[in-house]
Amino acid sequence: MKQHRRWIVACTALLCILSAGLAFGASNGKKVKVEGLITARDGESLTLKSTQAGNVVVTLTDDTKVQTPKGVFRHTEKSVTALIPGLKVKVEGTGTENQVTAKTVEFSNDDLVLAETIQAGLNPTQQQQAINQSHIAANQQGIASNKAGVAANQKQGAANAAGVSANQQDIQANQQDIEAQTKRFSDLSEYETKATATVLFASGSSKISDSDQAALTALAQSAIGLKGYIIQVKGYADSSGDATMNQKLSMDRADAVVAFLLQNGHVPLRHIVAPGAMGVSDPAAPNESAEGRAENRRVDVKVIVNKGIAGGM
């Protein structure tokens, strides 16, 4: 009996030592910092394209902080839904060069606006080109004016000519950068749609009907059993009212659906992509009839899974 007790005590002590060792190892994981563009996203992780380390898989947890810088030492907390493909981020956490468990994910508001613009289907390339072209035109006018002036201003003309050349290079660089980020949004075609729902709204309202609440609940239940799923939410409005009101109304509807999925569908926030406010774009039906406008007052919801993950399920 005494030997049996000693054996139990020894086993218990060994387990304690092993547990302490594992805890020590976990708490002393290698600190990692990495920067890159998000090229893919599922509910549990991000894939970054980093110039230093190539492809990096970043694991998200309930403790991961998502933030933007505010001043030198302060930060503003952001929702994990903002982590969309095409967004440039800085990640700090623990792990290895190519596998990081994120403690913080940081990005700038300007980079978020660019990523959201591209995701909304707009083309900032032309906008950037127009800005740069206007700079070129201004410099060319300066050159012409200087040529008409005295010889002393010819040096200024040469400087303006150099500015023209520099701006032309900027156009090419900006176009390449934006096209590279746009390509990352085409990667969304690498996602397989597992479930869909369309939520319809009364005119001027963002209240979800009982029948649509039931449809969203069923969608959430079907999604939770999938590995690495994410839910995409896009809100729309009909053509009634002005553009500003329709834009806000489409966002209010998208936010209402996200709130329902979180509170009633028990979907973790990291599994939801930033809701899109699409305004009156991409109408489901003509706005000339009451029936068409009713179809356009909607939120489209999709449950998607990366095809690479779906293929391994």
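Me: Two strands pair if DSSP finds at least two bridges between them. By that rule, what makes strands β9 and β11 a pair?

Reply: The model discussed here is predicted. Strand β9 (residues 230-235) and strand β11 (residues 298-306) are joined by six bridges. The rule asks for at least two bridges, and therefore they count as a pair; the two strands run antiparallel. One of the positions involved is Gly 235, whose bridge partner in β11 is Val 299.

Me: What makes β8 and β10 the edges of their sheet?

Reply: The sheet is open and has four strands, in the order β8-β11-β9-β10, with mixed pairing. β8 (191-200) and β10 (276-277) each have a single partner strand, so one side of each is left without a neighbour in the sheet.

Me: Which strands does β4 pair with, and in what sense?

Reply: Strand β4 (residues 65-70) pairs with strand β7 (residues 99-106) in the parallel sense, over three bridges. With strand β5 (residues 74-77), β4 pairs in the antiparallel sense, over four bridges. Both counts meet the requirement of at least two bridges, and therefore both are pairs. Within these pairs, Val 66 has Val 105 in β7 as its bridge partner, and Thr 68 stands opposite Thr 76 in β5.

Me: Which helices lie across the strands β8, β9 and β11?

Reply: Helix α5 (residues 210-224) lies across β8, β9 and β11, and runs at about 165° to β8. Helix α6 (residues 243-263) lies across β8, β9, β10 and β11, and runs at about 150° to β9.

Me: Why is Ser 250 called buried?

Reply: Ser 250 lies in helix α6. Its relative accessible area is 0%. Buried means under 20%, and therefore Ser 250 is buried. Leaving out residues up to four places away in sequence, Ser 250 touches Gly 235, Tyr 236, Ala 237, Ala 277, Met 278 and Gly 279. Other buried residues of α6 include Asn 246, Leu 249, Arg 253 and Phe 260. The cover over the buried residues of this helix includes β8, α5, β9, β10 and β11.

Me: Why is Lys 33 called exposed?

Reply: Lys 33 belongs to strand β1, and its relative accessibility is 68%. Exposed means over 50%, and therefore Lys 33 counts as exposed.

Me: Which residues have the most contacts inside the largest nonpolar core?

Reply: That core has 29 residues, and those with the most contacts inside it are Leu 48, Leu 83, Leu 87, Val 89, Val 91 and Phe 107. At least two residues of this core come from each of β1 (31-41), β2 (45-50), β3 (54-59), β6 (88-95), β7 and α2 (109-119). The largest share, four residues, is from β1. Leaving aside neighbours within four places in sequence, the contacts of Leu 87 include Gly 36, Leu 37, Ile 38, Phe 107 and Leu 112. Another core lies apart from this one, with 24 residues, among them Ala 197, Phe 201, Leu 219 and Val 305.

Terms used. Residues are numbered from 1 along each chain as its sequence is written. This is a predicted model: local features need pLDDT of at least 70, side-chain atom pairs count only at pLDDT 80 or more; totals for chains, interfaces and linings use all residues. Side-chain values use heavy atoms; hydrogens and water are left out. Contact means heavy atoms within 4.5 Å. Axes are lines fitted to C-alpha atoms, for helices over the stretch in contact, and angles run from 0 to 180 degrees between N-to-C directions. A nonpolar core is a set of buried Ala, Val, Leu, Ile, Met, Phe, Trp, Tyr and Cys residues joined through side-chain atoms within 4.5 Å. Buried means under 20% relative accessible area, exposed over 50%, partly exposed in between (1.4 Å probe, protein chains only).
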